[in-house]
Protein chains: 2
Amino acid sequence: MAETTAIERAGLDALFAPRRCAVLGASRQPGKLGAVMGRSLAAAAGGVALINSRAPDPRAGISGDLRQAIDVGGPIDFAAICLPAPACPDAVREAGAAGVRAVLVCAGGFAESGPSGLALQDELRRAAVEGGVRLLGPNTSGFVVPGRRLVASFVPAMSHVLPGRIAVVAASGGVHHTIALMLAAHGHGISLGVGLGNAVDVGTADVLDYLTRHEETAAVALHVESITDAAALLPTVERLVADRPVVASIVGRHDIGAFAQSHTGALATSWRTARAALRQAGAVLVDDERALIDAVVALSRTRLRPSPRPGIALVTAQAGPGLITLDQLRGRGVHLPELAAASRERLAAVLPPLTYQANPVDTGRPGPGFADVIDITAEDPGVDLVGVYALIEPGAVDLPAALAARTCPESAPVIVGIGGAGDDVSDTARRLLDAGIVCVPGPTALATALAALADDAKARDRLRRVPDRDASRASTIGFGASRGWDEQQIKIALAGLGLNVPPGHRCASRDGARQALAALAAPVAAKILRPIIAHKTDAGGVRLNLHTDADIVAAWDSLAAIGASEVLVEAMSPPGVDLVVGARRDPAVGPIVLVGLGGTAAEVLGDVAVRLAPLSVREAATMVEDLAGRALLNGYRGGPVLAVGELAETLVLLGDILTEHPDVSDIEINPLRLTHDGLWVLDALITHLDQGGHTP
Amino acid sequence: MAETTAIERAGLDALFAPRRCAVLGASRQPGKLGAVMGRSLAAAAGGVALINSRAPDPRAGISGDLRQAIDVGGPIDFAAICLPAPACPDAVREAGAAGVRAVLVCAGGFAESGPSGLALQDELRRAAVEGGVRLLGPNTSGFVVPGRRLVASFVPAMSHVLPGRIAVVAASGGVHHTIALMLAAHGHGISLGVGLGNAVDVGTADVLDYLTRHEETAAVALHVESITDAAALLPTVERLVADRPVVASIVGRHDIGAFAQSHTGALATSWRTARAALRQAGAVLVDDERALIDAVVALSRTRLRPSPRPGIALVTAQAGPGLITLDQLRGRGVHLPELAAASRERLAAVLPPLTYQANPVDTGRPGPGFADVIDITAEDPGVDLVGVYALIEPGAVDLPAALAARTCPESAPVIVGIGGAGDDVSDTARRLLDAGIVCVPGPTALATALAALADDAKARDRLRRVPDRDASRASTIGFGASRGWDEQQIKIALAGLGLNVPPGHRCASRDGARQALAALAAPVAAKILRPIIAHKTDAGGVRLNLHTDADIVAAWDSLAAIGASEVLVEAMSPPGVDLVVGARRDPAVGPIVLVGLGGTAAEVLGDVAVRLAPLSVREAATMVEDLAGRALLNGYRGGPVLAVGELAETLVLLGDILTEHPDVSDIEINPLRLTHDGLWVLDALITHLDQGGHTP
């Protein structure tokens, strides 16, 4: 019992560190899944019991009875179930009853295959929950813990994966194998690798939570197809990155809907929202599996101090590859500070005058002075990380020896991109890795690794800050659905929360409109007032640039003609740059905040930044950096300059409205106009859940 | 003499296929450039003569006199000059006088190092021209022709590069080495590899021209830093791609100016224009050196028939990696047709019902039926190319054997992405390559290779078409600088060429303006008329929405107050979607045509398509596909739908105006408004060369 309690406390230890394993559905026919799995698990610490209740074969070591195997050989924590889908729920129950605490179900034929499979998957989940059994799968290829020689996978090549410092957590079994084997091909081992499949029980968040206590793991490579458990996942990522960097690659930027559904049966999250959520939780984002590997290899060896803007220096022995790296670093927004005058003086004493020495530092062919150049660069006060690119050639500097000999404790860490071929390169790579120095192949890989280290440092800088906002103002105003929220009512509420709203009057008659014009400075706008009229302009419900009494009367009459009983007469705002800001409920991650540039062009181009609410002002301020068109907000062609703090406060507030008013589905300010006099709410819309909002 | 004539006719044969080589500046000190180069060239067909006029060393085989070495050993076609920069011009003269026809100058210290270096580079160029010597460099690391064991490089690792089918032509010596050695590391040899350095004589166009006759070369990997010789380069690329695909990677998307200048001293071309130019000439574009390798490896083995929209099918044994590939193919605009009903029926007979069979085709684990699935897919009438992804595992299908056994001559070619590690994978890759089947590592590499084959087929489809336009109309109208081109004059000229221009009148008095209003349907616009007023609106020179006599009088007075003596009174156009179109002279490639969406957001986001003029209507029509915001032109929110042909005709015309009127520097229509009634020229501007246009 004491041991059982220990397993319960350890969570997934029964799966990833079992005392003993079993195969249910073992077989002696070599090609059968049960036989392959038996061979894979044979080397595992504690051994494996082969079970087949329908076809026991004592001569092949296959027992017919799980309980008997436990009575004879001792407790079994983990069983790989190698049976067809319909037989799996019973097998899970049987395993649970016998004291097995974790199972793997490889079979497909569950949610991904339609309604009957979905019912079978529900039954499988119930069997696991009722039996107190943790279940990995179904529809996956398993997991590996090379340090325990534990290979619970039907792909024999996984036995080649060596123990290492990187954990691979993949939504897909195939991607788990692909990434783990690519790492192996580049000489990197893994601490734990898992493909989650349909994830009826053990999900990404569970595995990441386990990894927060997994001493063998230094960094995590995460493959995501969709986020379905945001409430568990995101706080877990945030806890994990405190000690172990997480690099995430998210599939589904483009339309892959039908095939993705057939693959996992999962509800698709928006790619953009999934990225925003993981980035905000502290993960480093990459675009494909090669970048995933470059980034996680780098982060498994080196991590920068948290910093809002880490300074990266590039030392290159070949200018051409250096330009490739530099071009990519610029594209990723990496900060490459010009080296200090003192550093440049020191470099000038070492380098020929032909070379570029400001950052990048171009050395020409790597000679004996190469190590000095790296040292000088790494000691520059503005430099937090040095990337070095060199072709490895016999007769040139011995880079591993030179880097290992560095002694200054104050200097920045170095990571190396190498070019070349043959044994020289693999020897150099191995010696660098043995010395704890990151080494990646080629100029693009170097850029990816440098950018990943910078992104990780920035992410932790954002996370470590104490939340910098007071208790939300959003709760001081009611946003209940019982009121009919027309434009003027929303504006009054937003003005009450401190936003700028143009002066205006609600008018119920032609004379009222004329009085409003008289009270305001011309020109004014007149807009139909009715709850929830999106796209008023399209509907003909807006009249602009009204100067005279005759103008306002004509406007009233035309709005009345299309059914207006009340009209908002409002001062026209000065020209400026229009933004669209809003908050809505995402089905997977909950309240999110969005900001984009106004106008149909920006809308079509999808230049929008997304964050999860509630937001800190500091996090909200970073949203502007995500906009490709942010130059428009910075005095473009004599236009106004955004006070980022003012926008950030507005975004925080919108997120808080959704967070604190659970019946609000959607709030949008469109446009929020940036003028020389700050941000102004020109139109706004609120939707409640019972009005067909975004949440199902 | 007969042989010399042959060398002249063969162009770069003296460099890349010399009868015998020499090293000028040979040395017996092992670390010296002259010694390294001597060892590198020792294996070359025809042998190498070691020369050092200042320090001959007969015991080390180093002669003091080049002529004597020729008298004794026979003609020397090529010499590697391993001397400091200041000694190089004399060495080139000496080599030329002795009958050497091609030299390599590795030394740096020329144009890239400032004014004195630039003077030295001019002297070097003159020495080569006057001596009738082709010169590669300076400031480069050389070239290799592995099939001739010719390694003219100071990087000894280049001796490891094996003969193969891919030519590497790099602007930078370092990138040449990086790419050639990366290819070698993946098991691919090269036919010829060269780094051009400062390219004072032998440039990219020369090497590509040589490759049009190079039987050993099946495909070309091209690295470009800037285009300086467009007039020679682009037609050469076009000729080359008729027989040999060209894959190009262009550095400099982001700001790398200062370092790039120090590297090559070359005038930077716009990255966007360089890409447009090479794509239009038929090259396949990729983003980094890894994609360059994946694409050129694929194209060196397989090429599709020219096609405007080749159909790609994806067969995957693992759904997760398949989704990664699919996502990337969608992002690259690759056409993945749904398989025909007959194909799907055949697949249903082979595959379990759980899998997705429409395209992608998901097989589950690759079993014996895998080859049948590939065959059925490849025989589908809509499929031009099949991509297959599979983890290589013992016991699964033998993919090379299965693919080699395919017999149907009508079926589409297959390329393979493989995952896995260890000897199984390298064996499989080698066997596939030996069978002529493309094999690349991982799902992203597979997507890159498939997209490259599709892009190449599309490029050749565009190139093979007979130009589809009549003699240009642009020459029928004079666009000389002698006229003062104000808005109305440009509009009249464009109307004369068939474009839609709003009705309008030139008015020289208040009464004239009132008469114009009466003659046109209100509302009208009034605009100041003066030659070359860009941004009239910003300058207060435009009055819109004028309805009444009072309006037009007020407009006249206010325009007169800012100096107008003539005003254009013009009918207002209906609302629509604004485009910006224009043509200008690029300093490197000559006349180019641009189209983008109007408005500051699109401007800031840089969503612009570029082509070189003159254009065919068909090529111009493809420009719309390049616009990220093209949905705006297709009935977005009830808006107008673009007739692509109408826009294409306009773009062709703008390009023709620059082509046929050499004193025009720049012409822009901004906005060109898309309405439900077609495209309308709302404002236009022309600049001539003597007015500070774009050309220096």
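I started with two helices of chain B, α5 (residues 88–97) and α6 (residues 115–131), whose axes come within 9 Å and cross at roughly 0°. The model is predicted; local features need pLDDT of at least 70, side-chain atom pairs count only at pLDDT 80 or more, and totals for chains, interfaces and linings use all residues. Residues are numbered from 1 along each chain as its sequence is written, chains are lettered from A and ligands numbered from 1 in the order written, and side-chain values use heavy atoms, without hydrogens and water.

**Entry 1**

I noted the conventions. Helices (H or I, at least four residues) and strands (E, at least two) are DSSP runs, numbered from the N terminus. Axes are lines fitted to C-alpha atoms, for helices over the stretch in contact, with angles from 0 to 180 degrees between N-to-C directions. Angles under 35 degrees count as roughly parallel, over 145 as roughly antiparallel, 65 to 115 as roughly perpendicular, and the rest as oblique. α5(B) and α6(B) are therefore roughly parallel to each other.

I then listed the contacts (heavy atoms within 4.5 Å). From α5(B) come C88(B), P89(B), V92(B), R93(B) and G96(B). They meet L120(B), E123(B), L124(B), A127(B), A128(B) and G131(B) in α6(B). By class, I found seven nonpolar, two polar and two charged residues in this contact. Here Ala, Val, Leu, Ile, Met, Phe, Trp, Tyr, Cys and Pro count as nonpolar, Asp, Glu, Lys and Arg as charged, and the others, Gly among them, as polar.

**Entry 2: α20 and α21, chain B**

I looked up α20 (residues 510–519) of chain B against α21 (residues 549–561) of chain B. Their axes come within 9 Å and cross at roughly 140°. That makes α20(B) oblique to α21(B). The residues of this contact divide into five nonpolar, no polar and four charged. On the α20(B) side I have R510(B), A513(B), R514(B) and L517(B). On the α21(B) side I have D549(B), I552(B), V553(B), W556(B) and D557(B).

**Entry 3: P502(B)**

I found P502(B) in the loop between α19 (487–496) and β19 (504–507) of chain B. Is P502(B) buried or exposed? At 6% relative accessibility, P502(B) counts as buried. Buried means under 20% relative accessible area, exposed over 50%, partly exposed in between (1.4 Å probe, protein chains only). Leaving aside neighbours within four places in sequence, P502(B) is in contact with E570(B), A571(B), S573(B), W680(B), V681(B) and L682(B). W680(B) is 178 residues away along the chain, yet the two C-alpha atoms are separated by 7.1 Å.

**Entry 4: L559(A)**

L559(A) sits in helix α21 (residues 549–561) of chain A. L559(A) is buried, with a relative accessible area of 0%. Neighbours within four places aside, its contacts include I528(A), V542(A), A564(A) and V567(A). L529(A) lies 30 residues from L559(A) in sequence and 9.7 Å away, C-alpha to C-alpha.

**Entry 5: chain A and the pair**

I counted 25 helices and 28 strands in chain A. Of its 696 residues, 58% count as buried. Among contacts between residues at least 6 apart in sequence, 71% join residues at least 24 apart. The C-alpha atoms fill a box of roughly 100 × 75 × 40 Å, taken along the principal axes.

Last, I laid chain A on chain B: RMSD 0.1 Å, by a turn of 180° and a shift of 0.0 Å along the axis. That is the relation of a two-fold axis. Copies are superposed by least squares on the C-alpha atoms of residues with pLDDT of at least 70 in both. 100% of the interface residues of chain A are also interface residues in chain B, so the copies meet through the same surface.
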